[in-house]
Amino acid sequence: MKSDLFASENMAQPAAVPGMVLQNPKSIKYVVNGEMHARQGSMIAFRGNLQFERKGQGIGGMLKRAVTGEGLALMAVRGQGEAWFAHEANNCFIVEIEPGDELTVNGRNVLCFDATLSYEIKTVKGAGIGGGGLFNSVFSGSGKLAVICEGTPIVIPVTAQQPVCVDTDAVVGWSAHLDTSLNRSQSIGSMVRGGSGEAVQLKLQGEGFVIVRPSELVAEKAGS
């Protein structure tokens, strides 16, 4: 049988070393030898002796359900084998986190990660109910994290001289040590008259970066 479908870039290659790699821009291949964590429902294929535990597991050995403010539940994947992960054909990116690093990621942008990473759900400082009651996932330690994004992300440097304001529906993540607060870009009078729909943003200050996607949440997806 012949077809462009069978081009080498589309074929799954034999497992090399444990851990994650990009299978293609839309999916992650993870060679499991022990345990890893992934977004529930994100596994699209696997082979080998793997078990999927639908109860999210907090890092540190205690079993608990790990749920973000967006309702993202995690699953533990254990055993030996290969698994492929994806979510709605979003673009996938692998972030290698080293000791001393801390990355804050919106729960909806987490795909999978090494069990060696520490994971904690925190309320975004300065962003209370008026900012959507933001809860983000803070990753630290040593290991790899797969992040997903609709479209091609934009990474914007943040400096003490140039803080950055981002739409809370578009933000993917940022350097965890940045200071956060709410920024109001419209006057009360403008809001009463209807405004632009961009009344309040998340303001990031300090030294680091912020990642945003080139779109806002679609209402149907936000509620799903």
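Biologist: Happy to look at this with you! Which residues have the most contacts inside the largest nonpolar core?

Modeller: In this predicted model, the largest nonpolar core has 16 residues, and Ile28, Met36, Phe85, Leu111 and Cys112 have the most contacts inside it. Strands S2 (27–39), S4 (74–85), S7 (110–114) and S10 (143–149) each give two or more residues to this core. The largest share, 5 residues, comes from S2.

Biologist: What does Met36 touch, leaving aside residues up to four places away in sequence?

Modeller: Met36 touches Tyr30, Met75, Ala76, Val77, Phe85, Cys112, Phe113 and Ala115. There is also a second, separate core of 14 residues, which includes Ile97, Val110, Leu145 and Ile211.

Biologist: Now the charged pairs. What makes Lys29 and Glu82 a salt bridge?

Modeller: The rule asks for a side-chain nitrogen of Lys or Arg within 4 Å of a carboxyl oxygen of Asp or Glu. For Lys29 and Glu82 the N to O distance is 3.0 Å, so the pair meets the rule. Lys29 is in strand S2 and Glu82 in strand S4, 53 residues apart. Both are buried.

Biologist: Why is it said that the pair of Arg78 and Glu35 ties together parts of the chain?

Modeller: Their closest N and O atoms are 3.4 Å apart, and they form a salt bridge. Arg78 lies in strand S4 and Glu35 in strand S2, so the bridge ties together parts that are 43 residues apart in sequence.

Biologist: Why is Arg78 called partly exposed?

Modeller: Partly exposed runs between the buried limit of 20% and the exposed limit of 50%. Arg78 has 25% relative accessibility, so it counts as partly exposed. Glu35, at 29%, counts as partly exposed too.

Biologist: And why does Arg213 count as buried?

Modeller: Buried means under 20%, and Arg213 is at 7% relative accessibility, so it counts as buried. Arg213 also forms a salt bridge with Glu150, with the closest N and O atoms 3.5 Å apart.

Biologist: Last one, on the surface. Which residues form a nonpolar patch with Met11?

Modeller: Met1, Leu5 and Phe6 form the patch with Met11, and together the four have about 500 Å² of accessible area. Patch residues need over 30% relative accessible area. Met11 is at 39%, so it counts as partly exposed, and it lies in the segment before strand S1 (19–24).

Technical notes
Residues are numbered from 1 along each chain as its sequence is written. This is a predicted model: local features need pLDDT of at least 70, side-chain atom pairs count only at pLDDT 80 or more; totals for chains, interfaces and linings use all residues. Side-chain values use heavy atoms; hydrogens and water are left out. Patches are made of residues with over 30% relative accessible area and no salt bridge: like charges are joined within 9 Å, nonpolar side chains (Val, Leu, Ile, Met, Phe, Trp, Tyr) within 5 Å. Accessible areas come from the Shrake-Rupley method with a 1.4 Å probe; for residues, only the protein chains shown count as cover. Helices (H or I, at least four residues) and strands (E, at least two) are DSSP runs, numbered from the N terminus. Buried means under 20% relative accessible area, exposed over 50%, partly exposed in between (1.4 Å probe, protein chains only). A nonpolar core is a set of buried Ala, Val, Leu, Ile, Met, Phe, Trp, Tyr and Cys residues joined through side-chain atoms within 4.5 Å. Contact means heavy atoms within 4.5 Å.
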